[in-house]
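These are my notebook entries from going through the two chains on screen. I wrote each one down as I looked it up.

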Amino acid sequence: MADPMKIRANLVGDATEVKVLMSHEMETGQRKDADGKVIPAWFIQNVKVAHNDKVVLAAQWGPAVAKNPFLSFRFKGGAKGDKVKITWTDNHNDTRTDEATIA
Amino acid sequence: MDTHRRQALKAGSAFSLLTLVAAAGWLDPREAAAAESWNKGAFETHSLDETMKALGGSTPVPSNDIVFVATPDIAENGAVVPIGITSKVPQTDSIAILIEKNPNMLAAVFDIPPGTDPSLSTRIKMGQTSSVYALVKANGRYYVTSKEIKVTLGGCGG
């Protein structure tokens, strides 16, 4: 199981600003190790952000997203104390969900 | 035409494999569904035209309503290039990031439901100096803008 995400969700005016830092290798499948063997691709493919079970952002990623991916965006309709839930799934079908409270 | 058929076959076989795996009980069906929602074909393209075809769209229209924010002109480290995109196109449904000279052009696609600002920032990898496209789908049509980012140290090599 991967390390937890660092999530911040803050109310800015009438919008909720979400900032998330995920912990993932995001291996491209292009690199080779010391023996010249290709390091297999290993990266997050799907990211879903939900606020009160309503999806506020869904993403598909390729291996070109940087290691330990960072993502920031805003959505409307959030209130202090609400939960923001973020789930990612990688190409090994490993998945992780973390939650943060809007402050 | 032929490549289309290949892709369809590939997508088909990947699907049936997943179904089999799910049926065998190895996978939570929900996870399998998540894997299927990844557009494999679109992430294996090498030109804007190919990517557009894989995404099922027409040739995008250049637009000044899409802007790069907090995006550098020169990236010292290609492994971590901050990209910020804001779309002022009404009814923006999705935003995609494409890097022309990366091994595969498409880096990420974000679906923007109503109520979410069509503005986001993330970090990507760039193998070399290249044009970066911000592709926006709004109301069934595609719009694009591009920016060249110079990379002094590549992010895809070993």
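Predicted model: local features only at pLDDT ≥ 70, side-chain atom pairs only at ≥ 80, totals over all residues.

Residues are numbered from 1 along each chain as its sequence is written, and chains are lettered from A and ligands numbered from 1 in the order in which they are written.

**Other partners of β9(B).** I then followed β9(B) to strand β3 (residues 74–75) of chain B, which is joined to β9(B) by 2 bridges and runs parallel to it; here A75(B) stands opposite V151(B). Strand β8 (residues 130–138) of chain B is joined to β9(B) by 9 bridges, and these two run antiparallel, with S130(B) bridged to I149(B). I looked at the turn of this hairpin as well: 2 residues lie between β8(B) and β9(B), and N139(B) in the turn has a positive phi of about 55 degrees.

**Helix α3(B).** In helix α3 (residues 48–55) of chain B I found T51(B), M52(B), A54(B) and L55(B) to be buried, where buried means that 20 or more other C-beta atoms, placed from the backbone, lie within 10 Å of a residue's own, exposed means 12 or fewer, and partly exposed is in between. Because they cover an arc of only 165 degrees around the axis, they are on the same side of α3(B); the arc is that of the directions from the helix axis to the C-beta atoms. The buried residues of α3(B) pack against β5 (92–99), β6 and β9 of chain B. G56(B), which follows α3(B), has a positive phi, near 80 degrees.

**The nonpolar core.** Which residues touch the most other members of the largest nonpolar core? Among its 59 residues they are V65(A), I97(B), L98(B), A107(B), A108(B) and I124(B), a core being a set of buried Ala, Val, Leu, Ile, Met, Phe, Trp, Tyr and Cys residues joined through C-beta atoms within 7 Å. β8(B) gives the largest share of this core, 6 residues. I also listed the contacts of L98(B), leaving out residues up to four places away in sequence, and found L48(B), T51(B), M105(B), L106(B), A107(B), Y133(B) and L135(B); a contact means that the C-beta atoms, placed from the backbone, lie within 7 Å.

**Between the chains.** The contact takes 31 residues from chain A and 34 residues from chain B. On the side of chain A that touches chain B, the elements giving two or more residues are β3 (44–51), β4 (54–61) and β5 (70–76) of chain A. I saw that β4(A) is joined by 4 bridges to strand β6 (residues 106–111) of chain B, and that the two run antiparallel; A59(A) stands opposite F110(B) in this pairing.

I traced an open sheet of 6 strands through both chains, in the order β1(A)-β2(A)-β5(A)-β7(B)-β4(B)-β2(B), with antiparallel pairing. Its edge strands, each pairing on one side only, are β1 (6–12) of chain A and β2 (66–68) of chain B. In chain B, strand β4 (residues 81–87) is joined to strand β7 (residues 116–124) by 6 bridges, and P82(B) has R123(B) as its bridge partner.

**Chain A.** Of its 103 residues, 36% count as buried. M26(A), in the loop between β2 (15–21) and β3 of chain A, has a positive phi of about 50 degrees although it is not a glycine, and M26(A) is buried, with 23 other C-beta atoms within 10 Å. N93(A) lies in the loop between β6 (83–90) and β7 (95–101) of chain A and has a positive phi of about 65 degrees, again without being a glycine; with 16 C-beta neighbours inside 10 Å, N93(A) counts as partly exposed.

Note on methods:
Contact = placed C-beta atoms within 7 Å. Pairing = 2+ DSSP bridges.
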